[in-house]
Amino acid sequence: MCDSCGCGDPHKVSLDVQERILSVNDRAARHNREHFAAAGVLAVNLMGSPGAGKTALLEATAARLAGRRRLGAIAGDLETERDAERLRAALVPTAAITTGSACHLDAEMVHAALDRVAWRELDYLFVENVGNLVCPAVYDLGQAVNVVALSLTEGEDKPLKYPVMFRKADLVLLTKLDLLPHLDVRVEAVKDALARVMPDLALVPISARSGVGMAEWIAWLEARRAGLERSPAAHGQLHAHPHA
Amino acid sequence: MHEYSLVSALVRRAEAEARTRRATAVTRLRVRIGALAGVEPELLASAFTLCREGLLRDASLEIETAAAVWACPRCDATVPAGAVLRCPGCGLPARLVSGDELMLEQIEMEVP
């Protein structure tokens, strides 16, 4: 007879754990976050559906910030380095992660990729996540902010259908705004849907092609960067291993 | 389909605990999954059935779900899911009180 719980089975023990299932990933994410904070790099986790315009947005962002800020990227895709190649052509040093079949990036993948991009020299590190409106939202990467690109062509109701992703967003960029005259989508309807899943609603309608909204997006980024506290002394005390 | 990666994290964690305690088998895991955790309980259950191995070969997975609850950070008034997530009284953005849990709660093992 089990003494502790009276369950009748002499050999069974129940152990209370109360631990996040992703605690290993959480630890790796914390580690990344400490790196970024110590080096004064704003790490942006950019998520969104395949084809939402994440890469185009980063290309346009790089053009706007050229000569003023140093940008780098980590680009995740199931196959090919196409996004990474586009970003490098836009003069953004980029490490590609091809995940094979994994539908998201995790903190350890990002940490491993840091060896392939001179991230300490950067003002911004953009992590272009795998195109997917579900899984990437579950994994903390160590980013300072989550930005979700939602293209106008995806429809007004996407925030309601994918509440997990939009709840995690610090900012939603409503991309491809130049297509507005050709579609039956209303920006106000997107805003209403977002307000039901994202308490601190933050939406910037934007077009990488026409440039509308770009100034507001850059200002948002710069304000986040200004909020970073640089603490170079702290990093040496964390651990000794080297990164690029 | 990140449910498989969650299952592999669960299996690794439970196996490590079982080895530390010299258990001969893990018989049951209890997890708590919030409605806004981004995890489909049914997919998690089928991924677990497909991927359990080693000491967890015959383990069962008990999934407890938790509804999303939003409330005002000032007056604690509940904001119903589906509504605009602002307190109708105070105007403040609502805070998630529960619903994003992704917790391993309990491991049941057989010890000699």
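**The interface and some salt bridges**

Biologist: Before we dig in, how many salt bridges does the rule find across the interface of chain B and chain A?

Modeller: Quick background: this is a predicted model, where local features need pLDDT of at least 70, side-chain atom pairs count only at pLDDT 80 or more, and totals for chains, interfaces and linings use all residues. Residues are numbered from 1 along each chain as its sequence is written, chains are lettered from A and ligands numbered from 1 in the order in which they are written, and side-chain values use heavy atoms, with hydrogens and water left out. A salt bridge here is a side-chain nitrogen of Lys or Arg within 4 Å of a carboxyl oxygen of Asp or Glu. Across the interface of chain B and chain A, that rule gives three.

Biologist: Which residue of chain A meets B:Asp100 in a salt bridge?

Modeller: Look for an N to O distance of 3.7 Å between the two side chains. The partner of B:Asp100 is A:Arg167.

Biologist: What area do chain B and chain A bury between them?

Modeller: Buried area is the accessible area (1.4 Å probe) that two parts lose on being put together, summed over both. Carbon and sulfur atoms carry 58% of it here. On chain B's side, B:His2, B:Leu36 and B:Leu102 supply 17% of the area buried against chain A, more than any other three residues. The total for the two chains is about 2900 Å².

Biologist: Which element gives the largest share of the side of chain B that touches chain A?

Modeller: Contact means heavy atoms within 4.5 Å, and 38 residues from chain B take part along with 28 residues from chain A. Helices (H or I, at least four residues) and strands (E, at least two) are DSSP runs, numbered from the N terminus. There are 14 residue pairs in polar contact across the interface, both at pLDDT 80 or more (a pair of N or O atoms within 3.5 Å; within protein, one must be able to donate a hydrogen and the other to accept it, and residues adjacent in sequence count only if both atoms are side-chain atoms), while α1 (3-20), β1 (25-34), β5 (95-98) and β6 (102-110) of chain B each supply at least two residues of its touching side. The largest share, nine residues, comes from β6(B).

Biologist: Within chain B, are B:Glu105 and B:Arg30 buried or exposed?

Modeller: Their side chains meet in a salt bridge (3.5 Å, N to O). The pair links distant parts of the chain, B:Glu105 in strand β6 and B:Arg30 in strand β1, 75 residues apart. Buried means under 20% relative accessible area, exposed over 50% and partly exposed in between (1.4 Å probe, protein chains only). Both residues are buried.

Biologist: And B:Glu64 with B:Arg32, what N to O distance does that salt bridge have?

Modeller: B:Glu64 counts as partly exposed because its relative accessible area is 26%, and B:Arg32 is partly exposed too, at 23%. The side chains meet at 2.7 Å.
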